[in-house]
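Please consult the sequence and the 3D view while reading the points below.

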Amino acid sequence: MMGIEWLKPGIFFGSMLYAVIGVAIFWICFVIVDKFTPYKLWEEIVEKKNVALAIVVGATALAIGQIVAAAIHG
C-alpha cells in the first residue's frame, strides 16, 4: 500500500519540477518540428482541415512525449 508518501514536500515538488521541465522540453521540440516543416502546422490543421497532417503531428507529439518521459524517468 502506497499511503501518502507522494504528499511529502520533496517528492511532490520534485514531481512538479520534472513535469514542468518535461512540458518545456516537449514544447521546444514541437516548435523545432514546426520550424522544419515547409508550412505552418496550425494553419494547415485548423484552417485547411488537413486530417492526415493532424494525425502525423499527433503521432510526432506522442513520440516526443514518450522520449521526454523516458529521459526524465531515467
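Val31 is partly exposed, with a relative accessible area of 30%. This residue belongs to helix α1, which covers residues 9–36. The model is a predicted one, and the points below are grouped by topic.

**The nonpolar surface patch**

- Val31 contributes to a nonpolar surface patch of about 560 Å².

**Helices α1 and α3**

- Helix α3 spans residues 51–73, and its axis comes within 10 Å of the axis of α1.
- The two axes cross at roughly 140°. Angles over 145 degrees count as roughly antiparallel and those from 65 to 115 as roughly perpendicular, so α1 and α3 are classed as oblique to each other.
- The crossing of α1 and α3 is right-handed.
- Thr60 is a residue of helix α3. Its relative accessibility is 27%, and Thr60 is therefore counted as partly exposed, because that class lies between the limits of 20% and 50%.
- Thr60 and Ile28 are 32 residues apart along the chain, and their C-alpha atoms are separated by 13 Å.

**Helix α2 and Leu41**

- Leu41 is located in helix α2, a helix that covers residues 41–47.
- Leu41 has a relative accessibility of 4% and therefore counts as buried, since buried means under 20%.
- From C-alpha to C-alpha, Leu41 and Cys29 are 14 Å apart in space, while 12 residues separate them in sequence.

**The salt bridge**

- How many salt bridges does a search of the whole structure find? The search finds 1.
- Glu44 and Lys48 form a salt bridge, in which the closest N and O atoms are 3.2 Å apart.
- Are the two partners buried or exposed? Glu44 counts as buried, at 16% relative accessibility, whereas Lys48 is exposed, with a relative accessible area of 51%.
- The cut-offs explain these labels: a residue is buried under 20% and exposed over 50%, so Glu44 at 16% falls in the buried class and Lys48 at 51% in the exposed class.

**The loop between α2 and α3**

- Lys49 lies in the loop between α2 and α3.
- Lys49 has a positive phi of about 55°, although this residue is not a glycine.
- The relative accessible area of Lys49 is 61%, so Lys49 is exposed.

Terms used. Residues are numbered from 1 along each chain as its sequence is written. This is a predicted model: local features need pLDDT of at least 70, side-chain atom pairs count only at pLDDT 80 or more; totals for chains, interfaces and linings use all residues. Side-chain values use heavy atoms; hydrogens and water are left out. Patches are made of residues with over 30% relative accessible area and no salt bridge: like charges are joined within 9 Å, nonpolar side chains (Val, Leu, Ile, Met, Phe, Trp, Tyr) within 5 Å. Accessible areas come from the Shrake-Rupley method with a 1.4 Å probe; for residues, only the protein chains shown count as cover. A salt bridge is a side-chain nitrogen of Lys or Arg within 4 Å of a carboxyl oxygen of Asp or Glu. Helices (H or I, at least four residues) and strands (E, at least two) are DSSP runs, numbered from the N terminus. Buried means under 20% relative accessible area, exposed over 50%, partly exposed in between (1.4 Å probe, protein chains only). Axes are lines fitted to C-alpha atoms, for helices over the stretch in contact, and angles run from 0 to 180 degrees between N-to-C directions. Angles under 35 degrees count as roughly parallel, over 145 as roughly antiparallel, 65 to 115 as roughly perpendicular and the rest as oblique. A crossing is left-handed if the near helix is turned anticlockwise from the far one by less than a right angle, and right-handed if clockwise.
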